[in-house]
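This briefing is meant to be read with the sequence and the model side by side. Topics are grouped so that each can be checked against the display in turn.

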Amino acid sequence: DFRRQLLRSTLASIGDAVITADTAGLVTTLNAVAESLTGWANADAVGQPLDAVFRIVNEETRQPVENPAFRALREGVIVG
């Protein structure tokens with residue numbers, strides 16, 4: 001499908017880390033920058049829970065912080 005291929009090409013060419021997930025919070029795609037920053041290969045990350053692939057911690061306490069993507073999914077809002 002042309003649209004899927006266009007989306008894949010676009011995500012692959014972005015200079016920022018991009019991780020996509022489905023509504024269940026499972027990873028569907030990592031671009032090369034995201035692979036580099038997370039240490040996960042796209043093939044290994046697909047189907048994994050987002051919070052397993054992209055761990056967010058408080059920089060001072062090193063305690064886990066809720067991934068903003070889950071809040072966006074839960075509340076249907078854009079989270080900055």
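Which backbone nitrogen does the side chain of Asn-67 reach? In this predicted model, the side chain of Asn-67 comes to 2.9 Å from the backbone nitrogen of Ala-69.

**Asn-67**
- Asn-67 sits in the loop that runs between helix 4 and helix 5.
- With a relative accessibility of 6%, Asn-67 counts as buried, because the cut-off for that class is under 20%.

**The largest pocket**
- Strand 1, helix 2 (32-38), helix 4 (50-53) and helix 5 (68-75) each contribute at least two residues to the lining of the largest pocket, and helix 5 gives the most, with four residues.
- Sorted by class, the lining of the largest pocket consists of 12 nonpolar, three polar and one charged residues.

**The second largest pocket**
- The second largest pocket has a volume of about 250 Å³, and its lining includes Arg-4, Arg-8, Thr-20, Thr-28, Asn-31 and Val-46.
- Helix 1 (2-13) and strand 2 each supply at least two residues of the lining of the second largest pocket, and the largest share, five residues, comes from helix 1.
- By class, five nonpolar, five polar and two charged residues make up the lining of the second largest pocket.

**The strand pair**

**Confidence**
- The mean pLDDT of the protein is 91, and 100% of the residues score at least 70.
- Among the elements of the protein, helix 3 (residues 42-45) has the highest mean pLDDT, at 97, whereas helix 1 has the lowest, at 85; helix 1 is also the element that supplies the largest share of the lining of the second largest pocket.

Key:
Residues are numbered from 1 along each chain as its sequence is written. This is a predicted model: local features need pLDDT of at least 70, side-chain atom pairs count only at pLDDT 80 or more; totals for chains, interfaces and linings use all residues. Side-chain values use heavy atoms; hydrogens and water are left out. Ala, Val, Leu, Ile, Met, Phe, Trp, Tyr, Cys and Pro count as nonpolar, Asp, Glu, Lys and Arg as charged, and the others, Gly among them, as polar. On a 1 Å grid over the protein atoms alone, a cavity is a set of points where a 1.4 Å probe fits but cannot get out, and a pocket is an open set with protein on both sides within 12 Å along at least five of seven lines; lining residues have an atom within 4 Å of a point. Grid points are joined across faces, edges and corners, and a volume is the space filled by probe spheres set on the points. pLDDT is the predictor's confidence in each residue, from 0 to 100. Buried means under 20% relative accessible area, exposed over 50%, partly exposed in between (1.4 Å probe, protein chains only). A polar contact is a pair of N or O atoms within 3.5 Å; within protein, one must be able to donate a hydrogen and the other to accept it, and residues adjacent in sequence count only if both atoms are side-chain atoms.
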